[in-house]
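Please open the model in a viewer and keep the selection panel at hand. The stops below proceed from one chain to the other.

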Amino acid sequence: MERTDDRPDQASPPLPSLEPIRLVDQRGRRVDDPVHHSPDHAVLLRLLRGMVVGRRFDRQAGALARQGRLAVYPSSFGQEACQVGGVLAMRADDWLFPTYRDSVALVTRGVDPVGVLTLLRGDWHSGYDPNRYRCAPQCTPLATNAPHAVGLAHAARRAGSDLAALVMMGDGATSEGDAHEAYNFAAVWNAPVVFLVQNNQWAISVPVRKQSRAPTLAHKAIGYGMRGHHVDGNDAAAVYAVVSRALADARAGRGPAIVEARTYRMDPHTNSDAPQRYRDDAEVERWRARDPVDRLTALLRAEGRLDDAALAGFTQEGEELAADLRERMADEDAPDPDELFAHVLAAPTAQLTEQRAALRDEVRKEAGHG
Amino acid sequence: MAETTMAQALNLALRDALAEDPSVVVYGEDVGPLGGVFRVTDGLTAEFGEDRCFDSPLAEAGIVGTAVGMAMYGLRPVVEMQFDAFGYPAFEQVVSHVAKTRNRTRGRVSLPMVIRVPYGGGIGGVEHHSDSSEAYYAHTPGLRVVTPSTPADAYSMLREAVESPDPVVFLEPKRRYWTKGEVERGTRTEPMDRAVVRRRGSDVTLIAYGPTVATALETAEAAAAEGVGVEVVDLRGLSPFDDATVADSVRGTGRAVVVHEAPVFGGYGAEVAARVTERCFHYLEAPVLRVGGFDIPYPPPRLEEHHLPGVDRILDAIARLQWESRWVSPGARAGAAGEPLPVAEVGA
């Protein structure tokens, strides 16, 4: 028989701090945090390398969109500390549940950049094997990837694995019902999940204060009995430290968490957005001063851990990735219409077999007229 | 052999699936110690433990969404939407993820999961407890949508649904939960995407599924008394659709009526009527008719008997199938000689 009680049976988690957790300030100087320790220099260099290469990828993808080689590109320029810090905090056997804005996270995870852009090029809805990279397909509906992560993490835990799942979501997505349901399921099941909310201040044209009156989005965790952490999303060291710790807590059975990383979407929502209609350039410029790459570069230089050659090496790596991407994206191979019918159900139905034959016929006739 | 209700047959199917396959898990609202509001999961938590059959928070999108993640990890979740209309919060998960993940991932990730939905009216339920939501699901590519009409099929089709590599929306005709029939555990009936002929007849085909199969069979009995031979096809699988069995039947009878509880406008019957017409046009003696609920929100329970298609409404439809255009009467095909029956008597 189940039992209920007339009093709360657990203590409230501590409230997240209003001031974001920060380990490196805007000018690249170290900041002490009572709980989180800075990652060592090797990790800091990996973070910087990931951000430099990731940003170059992002710039290249934006250029491809302008040239019409991508159907659309949602940039994450300015959010590299979240994308790279979040992913590098993961273990190889953890699962990532990204959104359409998390291309740099996927590249950091090791997914082939061409596969990352398959969705945005319009060749197919997803271009990589989720099981190989332990990355779910990029999710376009907001927050619907969050319950998937909870289910997968719960199943893994039930099977005795200590893997954890990292969900990426934006500030706008926290308003969705699926975010609420996922937070609640995760807490009730004690599922090893970390929800990394990249609060980039804008959901297309709507500022975050029109999404939520929560003091921070991390405060939402408290109502679910979860821990919430509020971190400077342009401080890669802090994002890495906070997400690492949250993942470690989750996999050790100490519960899921929401990590709100406060950052900024420097670019328009996508290449077809018109941000001048809803925000001031001055605001963008204020955030430019908080650039995550400059900040970590300044720290590593000041501490004598980064010379020109090392930085040039990262830049060169980014250039090579971009050149490779340009070359492979120039490939004009048309996708195969037959594939439209290939993955609907496990086995082809009589109806789909008929429809495929009909389309083949149409294609053949069109080719004949061409 | 003992007679078993459909609810018990479904319970046996879950029991056997849980026993045979450790990757099967059953969860939803009140499916644990209570055994579900219709007792379909009765005793499963006690027998298999809370690890295999458990209550979840009350949130349908969360239930289906977490099942997606579990299936990605290799489990075979069987989740329950407590009532048809309570399943709507999960609709986005069903349409945008459950149905599309195989396609999105080019076959790399399949989602073997079952969404059980008690559906349809006739149980005196107040608002939101009696919807026929099949058309929403059947319209979505990437799902298998099935509905049993007998206890034997309920057992067999649920076993098959759990074993399927595809996601299955399993619609349970809740007013037939207490229908009894013989069920032998382990026995499989026809595959779940196959329609079956429940009764042979030479004059007209009634195409029914789930809760209306019994109504169609009753109608056939009444029509037989009037000399009209009614063939009854039980669709079982709504998607994919068994065109061959349905078209064979209609080619044999030359007349067809589709029967469902859902509103007729834009309903599943429209698809059936169109498919039959496309394939059997030259065999048809009359337009394919649809009999269903009215195009109204599901009525309150004291009025539902006026809404649900019953024997009389179906007989009336049969009577409208242009019998006057034939030189023989209905019933004559089987070889019975006699005067043509006045049309009015056919539907009497």
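**First stop: a helix over a sheet**

Select helix 6 of chain A, which lies across strand 1, strand 2 and strand 3 (193–199) of chain A and runs at about 170° to strand 2 of chain A. Helices (H or I, at least four residues) and strands (E, at least two) are DSSP runs, numbered from the N terminus. Axes are lines fitted to C-alpha atoms, for helices over the stretch in contact, and angles run from 0 to 180 degrees between N-to-C directions. Two residues are in contact if their C-beta atoms, placed from the backbone, lie within 7 Å.

The model is predicted: local features need pLDDT of at least 70, side-chain atom pairs count only at pLDDT 80 or more, and totals for chains, interfaces and linings use all residues. Residues are numbered from 1 along each chain as its sequence is written, while chains are lettered from A and ligands numbered from 1 in the order in which they are written.

**The sheet of chain A**

Next, display the open sheet of chain A, in which five strands follow the order 1-2-3-7-6 with parallel pairing. Two strands pair if DSSP finds at least two bridges between them. At the edges are strand 1 (95–97) and strand 6 (227–232) of chain A, each pairing on one side only. From one strand to the next, the twist averages 20°.

Zoom in on strand 1 of chain A, which runs parallel to strand 2 (residues 165–170) of chain A and is joined to that strand by three bridges. Here A:Phe97 stands opposite A:Val167 in strand 2 of chain A.

**A covered helix**

Now select helix 2 (residues 80–88) of chain A, which is mostly covered, with nine of its nine residues buried. A residue is buried if 20 or more other C-beta atoms lie within 10 Å of its own, exposed if 12 or fewer, and partly exposed in between; C-beta atoms are placed from the backbone. Among the buried residues of helix 2 of chain A are A:Cys82, A:Val84 and A:Leu88.

**Where the chains meet**

Colour the two chains separately: 35 residues of chain A are in contact with 35 residues of chain B. On the side of chain A that touches chain B, at least two residues each come from helix 5 (130–133), helix 6 (145–158), helix 7 (177–189) and helix 13 (350–369) of chain A. Helix 6 of chain A gives the most to this side, with ten residues. This side of chain A has 18 nonpolar, twelve polar and five charged residues. Ala, Val, Leu, Ile, Met, Phe, Trp, Tyr, Cys and Pro count as nonpolar, Asp, Glu, Lys and Arg as charged, and the others, Gly among them, as polar.

**The domains**

Chain A is divided into domain 1 (41–335) and domain 2 (336–370), with bounds that come from an automatic or database domain assignment. Taken over C-alpha atoms, the centres of domain 1 and domain 2 of chain A are separated by 37 Å.

Turn to chain B, which is divided into domain 1 (3–182) and domain 2 (196–346). Between these domains of chain B, 27 residues of domain 1 are in contact with 21 residues of domain 2. The side of domain 1 of chain B that touches domain 2 of chain B has ten nonpolar, ten polar and seven charged residues.

**The sheet of chain B**

Select the open sheet of five strands in chain B, with the order 9-11-10-13-14 and mixed pairing. Strand 9 (196–199) and strand 14 (289–293) of chain B stand at the edges, each with a single partner strand, so one side of each is left without a neighbour in the sheet. The twist averages 30° from one strand to the next.

Is strand 14 of chain B buried or exposed? Five of its five residues are buried, so strand 14 of chain B is largely enclosed by the rest of the structure. Strand 13 (residues 256–263) of chain B pairs with strand 14 of chain B in the parallel sense over four bridges. B:Val257 stands opposite B:Leu289, and B:Val258 has B:Arg290 as its bridge partner.

**Last stop: B:Ile314**

Finally, select B:Ile314 in helix 12 (residues 311–319) of chain B. B:Ile314 counts as buried because it has 26 C-beta neighbours inside 10 Å. Not counting residues up to four places away in sequence, B:Ile314 touches several residues, including B:Leu206, B:Val257 and B:Val291.
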